[in-house]
Amino acid sequence: MASYWQIFFIFAKIGAFTIGGGMAMIPLIQNEIVKRGWMKDEDFPDIIALSQSAPGLLAVNIAIFSGYKLKGTKGSIVAATASVLPSIIIILLIAMIFTGYQDSPAVISIFKGIRPVVVALIAVPMIQMARKSNKHWWSYALSAAVLVLVGVLKVSPIYILTVVIVVSFAAAKYIDKIRRGKTE
């Protein structure tokens with residue numbers, strides 16, 4: 001199992017070399033944790049779902065839940081601290097050194113060049129998760145419907161989650177009622 005230093009080093013490394021925020025960190029965190037055998041590939045979508053449901057920054061939430069799964073409360077504190085520490089240091093250095101360069105054409109060009117990379121870093125793990133999580137035709141249909149509702153029609157994910165939770169709960173109750181009726 002992972003030591004606190006290993007957890008700190010991994011999350012600090014990810015925090016230092018990820019551009020684009022929490023979504024861009026997902027494939028790196030998943031790769032590091034799974035390849036070390038700290039967590040199964042199938043468990044990682046649950047961590048992401050919990051992280052997105054909790055208030056706060058996605059990357060920090062993923063670090064908290066991953067650290068907790070690895071080493072409990074202390075592991076979550078170590079992972080969260082390590083994931084934000086490099087960003088704090090980098091931002092302080094940037095603020096001290098580059099305050100006069102924000103309108104520089106070179107800096108603007110660099111950030112325009114980084115954008116497509118960040119999009120790819122976000123899209124790849126989402127596609128991989130969809131492939132692993134969607135086992136039935138209806139789960140693919142539900143994923144596509146949610147993509148259209150949120151991405152195209154701009155429906156709030158809160159409404160979608162609320163409806164899915166209510167429908168899932170009702171379906172589970174109905175299925176349970178049918179199963180009890182067959183066993184009696």
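Colleague: Are H2 and H3 roughly parallel or roughly antiparallel to each other?

Modeller: In this predicted model, the axes of H2 and H3 cross at roughly 150°. Angles over 145 degrees count as roughly antiparallel, and H2 and H3 are therefore roughly antiparallel to each other.

Colleague: Within what distance do the axes of H2 and H3 come?

Modeller: The axes of these two helices come within 11 Å. The crossing of H2 and H3 is right-handed.

Colleague: Which residues make the contact?

Modeller: H2 contributes Met23, Ile26, Ile29 and Gln30, while H3 contributes Phe44, Ile48 and Gln52. Of the residues in this contact between H2 and H3, five are nonpolar, two are polar and none is charged.

Colleague: Turning to the largest nonpolar core, how many residues does it have?

Modeller: That core has 23 residues. Those with the most contacts inside it are Ile7, Phe11, Ile29, Trp38, Phe44 and Ile62. At least two residues of the core come from each of H1 (4–17), H2 (22–35), H3 (44–53) and H4 (58–97).

Colleague: Which helix gives the most to this core?

Modeller: H4 gives the most, with seven residues.

Colleague: What is Ile62 in contact with, leaving aside neighbours within four places in sequence?

Modeller: On that basis, Ile62 is in contact with Ile26, Ile29, Phe44, Ile47 and Ser51.

Colleague: Another topic: is Ser76 buried or exposed?

Modeller: Ser76, which lies in helix H4, has 10% relative accessibility and so counts as buried; the cut-off for buried is under 20%. Leaving aside neighbours within four places in sequence, Ser76 is in contact with Ile64, Gly67 and Tyr68.

Key:
Residues are numbered from 1 along each chain as its sequence is written. This is a predicted model: local features need pLDDT of at least 70, side-chain atom pairs count only at pLDDT 80 or more; totals for chains, interfaces and linings use all residues. Side-chain values use heavy atoms; hydrogens and water are left out. A nonpolar core is a set of buried Ala, Val, Leu, Ile, Met, Phe, Trp, Tyr and Cys residues joined through side-chain atoms within 4.5 Å. Buried means under 20% relative accessible area, exposed over 50%, partly exposed in between (1.4 Å probe, protein chains only). Helices (H or I, at least four residues) and strands (E, at least two) are DSSP runs, numbered from the N terminus. Contact means heavy atoms within 4.5 Å. Axes are lines fitted to C-alpha atoms, for helices over the stretch in contact, and angles run from 0 to 180 degrees between N-to-C directions. Angles under 35 degrees count as roughly parallel, over 145 as roughly antiparallel, 65 to 115 as roughly perpendicular and the rest as oblique. A crossing is left-handed if the near helix is turned anticlockwise from the far one by less than a right angle, and right-handed if clockwise. Ala, Val, Leu, Ile, Met, Phe, Trp, Tyr, Cys and Pro count as nonpolar, Asp, Glu, Lys and Arg as charged, and the others, Gly among them, as polar.
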